[in-house]
Amino acid sequence: MKLSPARCALTLLGALLFAAGGAAHAEEEKVLNVYNWSDYISEETIQKFEKETGIKVRYDVFDNNEILHAKLVAGRTGYDVVVPGSNWAGLQILGGLLQELDKSKIPNLKNIDPSINERLSKVDPGNKFLVTWLWGYTTVGINVDKVKAALGGPLPENVWDLVMKPEYISKLKSCGVSFLDSADEVVVVALQYLGRDGANKTPADYAAATALLKSIRPYVTLFSSSGYINDLASGSLCVSVGWSGDINIARQRAIDGKTGQKIEALIPKTGGPLWFDTMAIPADAPHPENALKWINFILRPEISASLTNKVFYANPTTAVSKKFVVPDVANNPTVFLSEENLARMKSTAGTLSNENRRQQNRVYSVFKTGL
C-alpha cells in the first residue's frame, strides 16, 4: 500500500523513537552488585573502581560455597559478579547458572598466568565462564606458643596429625580448636589425609572419612569459616583448620593489635587442598556489562597486587603484579608457595557428582552434630 507523506513521516518518527528507547534500555544503570567471600577485598579497591567508572558497587559477603550455590540455584539473586570456588563453579556451569564471558571486553585476561588457566580448564574448558580472583590452600594455622605448651613437645612431622590424630588434638582442646564450617572443605581434608583424594569417591572412602572425623569430634570446640580469624588473633583459639590467607590475616591482626599472639600458617609437607576462587557472572545478572568492566579492572597488575597485599592470597597475575606486592607479603613463603611446596598441593579444581556431594554432606553432618 502506498503511504501518504504524512503517514511516512509518522512511521519514520515512530521508528526513531523505538530505536532511541531501545538504546536507552540497553544502557545499564551505574550499579554493580557483587557477592564475595568475607574478608576478601579492601575498601580502596571498591572506591577506586567507583571513582574511575562512576559505577556504584553494592557489596555483600558469604563464608562458604554452599550458601552461594543455594542462592544461584534459587535464581534472581540480583548479583552481577559472584566468586565461587572452582569446584563449585564447574557444577554451576553445567547447571546453566553462569553466563559465558565476552572476552573481547576483558583485555586484561592477557595478564593471567597460563598455568592458572590450565588448572581452571578442568572445570571450565576453554576458560569461557570463569576468571580466577585469588588462590590459596587449606591448611592448619596455629598459635605457636600455646600449641607447644599444650603438646609439651615438638610439633609432629605431618602437621595434619595435629588435628587428625586424637593423641594430639585431645591435648589442644583446652586452648581451642576450630574447623571450617563447610562439608566441601572438611571432608576433602579428611579424605586427602587418608590418601583417598581421587576424583570419584566410593562409599568405602566416605565411611573411612566418617570414622576418622568421629574419632576427633570430641576435641573440636568451634566450627567457623570467618570468625576464626579474630579468634586466632586474640588468642581464643590455638589451632584452626582454615584457609592460608585467613590465617595470615589473623597473624597480621595480632601484630597490628599487639596482642602478643604468634600466629603461623603451616605448610603441610604431605600437601593439602589447593583451590581457586573465581569471578563469574550469573546467568540472570542485571548488569553484565558492568560486571565485565569489574573483572577487567581486577586483572590490572596493581589492582591484583592490592588484593594480595590486603588478604594475603596469591593472585593469578603474579608475573606482572608481584612487583607491586609489598616485600613482607611477596617474601612470605606461605603466600607465594615455592615450586616444591606447590607441587605437593592437591588441586580441588574438579566437579563432584551429585551423589558424591550428598555423601559428602552426610559425612559432614555426622561430624558436626556428633551423632
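Me: What stands opposite Y35?
Reply: V82 in β3 does. Bear in mind that this is a predicted model.

Me: And over how many bridges do β1 and β3 pair?
Reply: Two, in the parallel sense, with β1 covering residues 31–37.

Me: Ok, what's the strand order in that sheet?
Reply: The order is β2-β1-β3, three strands in an open sheet with parallel pairing. β2 (56–62) and β3 (81–82) are the edge strands, each pairing on one side only.

Me: Which strands does helix α2 touch?
Reply: α2 (residues 43–53) packs on the sheet and touches β1 and β2, and its direction makes about 155 degrees with that of β2. Helix α3 (residues 65–74) lies across β1, β2 and β3, at about 140 degrees to β1.

Me: Switching to aromatics. How many pairs are there?
Reply: The count comes to 15 aromatic pairs. Take F223 and Y364: their ring centres are 6.2 Å apart and the planes sit at 90 degrees, so that pair is edge-to-face.

Me: Which residues do ring pairs link into a cluster?
Reply: Y35, W37, F62, Y79 and W243.

Me: Last one: what lies over the face of W88?
Reply: R357, at 3.9 Å from the ring centre. K322 lies over the face of F336, at 4.5 Å from the ring centre.

Key
Residues are numbered from 1 along each chain as its sequence is written. This is a predicted model: local features need pLDDT of at least 70, side-chain atom pairs count only at pLDDT 80 or more; totals for chains, interfaces and linings use all residues. Side-chain values use heavy atoms; hydrogens and water are left out. Two strands pair if DSSP finds at least two bridges between them. Helices (H or I, at least four residues) and strands (E, at least two) are DSSP runs, numbered from the N terminus. Contact means heavy atoms within 4.5 Å. Axes are lines fitted to C-alpha atoms, for helices over the stretch in contact, and angles run from 0 to 180 degrees between N-to-C directions. Rings of Phe, Tyr and Trp (its six-membered ring) pair if their centres lie within 6.5 Å; planes under 30 degrees apart count as stacked, over 60 as edge-to-face and the rest as tilted. A charge sits over a ring if NZ of Lys or CZ of Arg is within 6 Å of the ring centre and within 35 degrees of the ring normal.
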